[in-house]
Amino acid sequence: MGRVLPIVVAIALLVYALIDCLQTDSARFRSLNRVAWIAIIVLIPLVGPVLWLVIGKVRARPQSRPAA
């Protein structure tokens, strides 16, 4: 079981990042296009999905409420 868990986590991270990349609007991509990000996610295990989640897209900033 100890050897299987890291593999399952890596595959789950890859699938999550790949689906997130495929569903993200093209206007929210940073620096690279969708095809390049998919290649990075699939070809570089663990690092590719983490890069996508950290720097791959522009995150929506929370709306601040105006002061009353």
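Is Ile 19 buried, partly exposed or exposed, and what is its relative accessible area? Ile 19 is partly exposed, at 43%, and it sits in helix H1.

Okay, a word on what we're looking at. This is a predicted model, where local features need pLDDT of at least 70 and side-chain atom pairs count only at pLDDT 80 or more, while totals for chains, interfaces and linings use all residues. Residues are numbered from 1 along each chain as its sequence is written, and side-chain values use heavy atoms, with hydrogens and water left out.

So, the overall picture. The chain has three helices and zero strands, and along the sequence that reads α-α-α. Helices here are DSSP runs of H or I with at least four residues, strands are E runs with at least two, and the numbering starts at the N terminus. The C-alpha trace spans about 55 × 30 × 15 Å along its principal axes. The radius of gyration is 15 Å, whereas a compact globule of 68 residues would come out near 11 Å. That one is taken over C-alpha atoms, and the globule rule is 2.2 Å times the number of residues to the power 0.38. As for burial, 19% of the 68 residues count as buried.

Now the salt bridge. Searching the whole structure turns up one, meaning a side-chain nitrogen of Lys or Arg within 4 Å of a carboxyl oxygen of Asp or Glu. The partners are Asp 20 and Lys 57, with their closest N and O atoms 2.9 Å apart. Asp 20 belongs to helix H1 and Lys 57 to the segment after H3, so the pair ties together parts 37 residues apart in sequence. Both Asp 20 and Lys 57 are buried.

Leu 51 is one of the residues in a nonpolar patch of about 770 Å², along with others including Val 42, Ile 44 and Val 54. Patch residues have over 30% relative accessible area and no salt bridge; like charges are joined within 9 Å, and nonpolar side chains (Val, Leu, Ile, Met, Phe, Trp, Tyr) within 5 Å. The areas are Shrake-Rupley with a 1.4 Å probe, and for residues only the protein chains shown count as cover. Helix H2 (34-43) and helix H3 (47-56) each put in at least two residues, and H3 gives the most, with five. Leu 43, from H2, counts as exposed because its relative accessibility is 67%.

There's a positive patch too: Arg 28, Arg 30, Arg 59 and Arg 61. Arg 30 is in the loop between helix H1 (4-23) and H2, and it is partly exposed at 37%.

Last stop, backbone angles. Most residues other than glycine have a negative phi. Ser 31 has a positive one of about 55°; it lies in the loop between H1 and H2 and is exposed, at 76%. Leu 46 also has a positive phi, near 65°. Leu 46 is in the loop between H2 and H3, partly exposed at 48%, and it belongs to the nonpolar patch.

Note on methods: Buried means under 20% relative accessible area, exposed over 50%, partly exposed in between (1.4 Å probe, protein chains only). Lys and Arg count as positive and Asp and Glu as negative; His and the chain ends are not counted. The place of a charge is taken as NZ of Lys, CZ of Arg, CG of Asp or CD of Glu.
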